[in-house]
Amino acid sequence: MSPMPAWMHSVSAMALCAVAACSRADSPTGTPPTPRTPSPAAAVPAPVAVRPRELSAVAEAGKLLFFDKALSASGRVACSTCHDPGHAYGPPNDLAVQLAGAQGASPGLRAVPSLRYKEFTPGYADLLDNSDGVSPPGPGGGFTWDGRADSLAEQARIPLLSPFEMANATPAEVVARLRSSGSAAAFVRAFGAGALADPDAAFANLLLALQSFQIEDPSFHPYASKYDRHLFHQPGGEFTPAEERGFQVFVDVKTANCSGCHYAHASQDDGAPPQLTDFSFEAIGVPRNPKIPANRDRSAADLGLCGPLRDDHARFAEFCGLFKTPTLRNVAIRRAFFHNGVIHSLDQAIRFYNTRDTRPELWYPTVGGRARPRPDPGFPRYGLVTTQYVGGTVQKFDDLPAAYRKNLDPQLPLDGRAAGSEPPMTEQQVEDLICFLRTLTDEDQLAAQPASAACRG
């Protein structure tokens, strides 16, 4: 068994913290912290190549449970169904929401995120210290798009009991299915002969086992991208000119400003390798997705921290419309973007950020206009709306009620500049940025990433 890298000791410590559902709710609530210069990436021990290593008995049980479809009401859904290891523990398709439930055909409400790189996620706090050590505390941390789980164990509880996921009515029902499943023997080996006698204790241990698998198994946090090799000056980590230009766009506060939310340095707090997220919550006005069945009800609104899947912040208007900032690791192989999966390629996602304000007609529906039979030659075709209209009113921010639009993040590139003005990024900068983001793909996922001649120069 290979020695554990230094940063993995932090992972193990975090696992113990997560079992107790610890969080950073005691973050300072006064003045913002004194700005600190980000520590250089070299200050963090270099990651080692991912090698199989022996899992604890609890994690071995969790591994079987993760792939066990017998735990679902339909008998056709496991954790791995939506969190496929072959797709960086994300969905294996481009559906905006996945289908599951008691009959295997119930649509979810939100896009499925990847389960990779969750081991350093803090518990949710209304005032969480920002990873950059400069930005003031704000809503952050937690698991899922609305942060309502404070640990991987709590997160695992959600799909097991969700009516549109694994569709168990109670924890006791989950344990009853476990008793007759192929995972039962490993579960008893891990937790003892009477492990299945008490349904409440067994369910708690089931969640612990799933968490332990995700913490211990290196496939959930391989840190095996070109960017990781680049940070530690390892062979194969040399950036091409396009990738280097793209990284400069990524960190430039006057253009893409991606690092404002997708922090690309080692953590100021625990020395964790770059997570490519600051765990914060933001409102960016993503267009409504008509392909989500729940959106057929025009009065329905997914407000993230405000509900409908959590209700403890519903009366605080300043939280409405805010969703968790995901990691950008493996972003180039994703096929459904943002909380509602309305966008289906990295190129389109970047162009949304760049032209949401300058060309809103490309992203939001137009009401009252006249559609041109054939768009002008210069009309962009990369948006969600490919029909060109004459006149009418663009329904900007059509999925965020007007009362909550004051919560929109005003930072570049979404700075609310006038329609028709120049976007923050040039065409070349957009292309270069995509080249850099491709360096965040782990080695085991490169086969899913199409080659790009543009990124070689």
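**Entry 1**

I began with Arg310, which is buried, its relative accessible area being 9%; buried stands for under 20% relative accessible area, exposed for over 50% and partly exposed for what lies in between, with a 1.4 Å probe and protein chains only. I noted that the model is predicted, that local features need pLDDT of at least 70 and side-chain atom pairs pLDDT 80 or more, and that totals for chains, interfaces and linings use all residues. Residues are numbered from 1 along each chain as its sequence is written, and side-chain values use heavy atoms, with hydrogens and water left out.

I then looked up the partner of Arg310. Arg310 forms a salt bridge with Asp312, with 2.7 Å between the closest N and O atoms. The term requires a side-chain nitrogen of Lys or Arg within 4 Å of a carboxyl oxygen of Asp or Glu. Asp312 is partly exposed, at a relative accessible area of 42%.

**Entry 2. Other salt bridges**

I recorded the general point that side chains of opposite charge can pair when their charged atoms come close. How many salt bridges does the rule give? The count comes to 19.

I examined Lys396, which forms a salt bridge with Asp357, the closest N and O atoms lying 2.7 Å apart. This pair links distant parts of the chain, 39 residues apart: Lys396 is in the loop between strand 10 (393-394) and helix 11 (427-438), and Asp357 is in the loop between helix 10 (346-355) and strand 7 (366-367). Helices (H or I, at least four residues) and strands (E, at least two) are DSSP runs, numbered from the N terminus. Lys396 is partly exposed at 23% relative accessibility, whereas Asp357 is buried at 3%.

I also examined Arg148 and Asp146, a salt bridge with its closest N and O atoms 2.8 Å apart. Arg148 is partly exposed, with a relative accessible area of 27%; Asp146 is buried, at 0% relative accessibility. Both residues belong to a network of salt bridges that links Arg110, Asp146, Arg148 and Asp302.

**Entry 3. Helix 5 against helix 7**

I looked up how helix 5 (residues 171-179) packs with helix 7 (residues 199-216), and found an angle of about 75° with the axes 9 Å apart. Axes are lines fitted to C-alpha atoms, for helices over the stretch in contact, and angles run from 0 to 180 degrees between N-to-C directions. Helix 5 and helix 7 are therefore roughly perpendicular to each other; that class covers 65 to 115 degrees, with under 35 roughly parallel, over 145 roughly antiparallel and the rest oblique.

Which residues meet? From helix 5 they are Pro171, Ala172, Val174, Val175, Leu178 and Arg179, and from helix 7 Pro199, Ala202, Phe203 and Leu206. By class, this contact of helix 5 with helix 7 has 9 nonpolar, no polar and 1 charged residues. Contact means heavy atoms within 4.5 Å. Ala, Val, Leu, Ile, Met, Phe, Trp, Tyr, Cys and Pro count as nonpolar, Asp, Glu, Lys and Arg as charged, and the others, Gly among them, as polar.

**Entry 4. Helix 10**

I checked the burial of helix 10. Because 8 of its 10 residues are buried, helix 10 is largely enclosed by the rest of the structure. The buried residues are Leu346, Gln348, Ala349, Ile350, Arg351, Phe352, Asn354 and Thr355. Helix 11 is included in what covers them.

**Entry 5. Cysteines**

I found 2 disulfides in the structure; the term covers a pair of cysteine sulfur atoms within 2.5 Å.

Cys306 and Cys320 both lie in the loop between strand 5 (281-282) and strand 6 (323-324), so the pair ties together parts that are 14 residues apart in sequence. Cys306 and Cys320 are buried.

Cys435 and Cys455 form a disulfide with sulfur atoms 2.1 Å apart. The torsion about their S-S bond is about -90°, so this disulfide is left-handed. Cys435 lies in helix 11 and Cys455 in the segment after helix 11, so the pair ties together parts 20 residues apart in sequence. Both Cys435 and Cys455 are buried.

Cys82 is in no disulfide, the nearest cysteine sulfur, that of Cys79, being 9.1 Å away. Cys82 is buried at 14% relative accessibility.

Cys261 is buried, at 13% relative accessibility.
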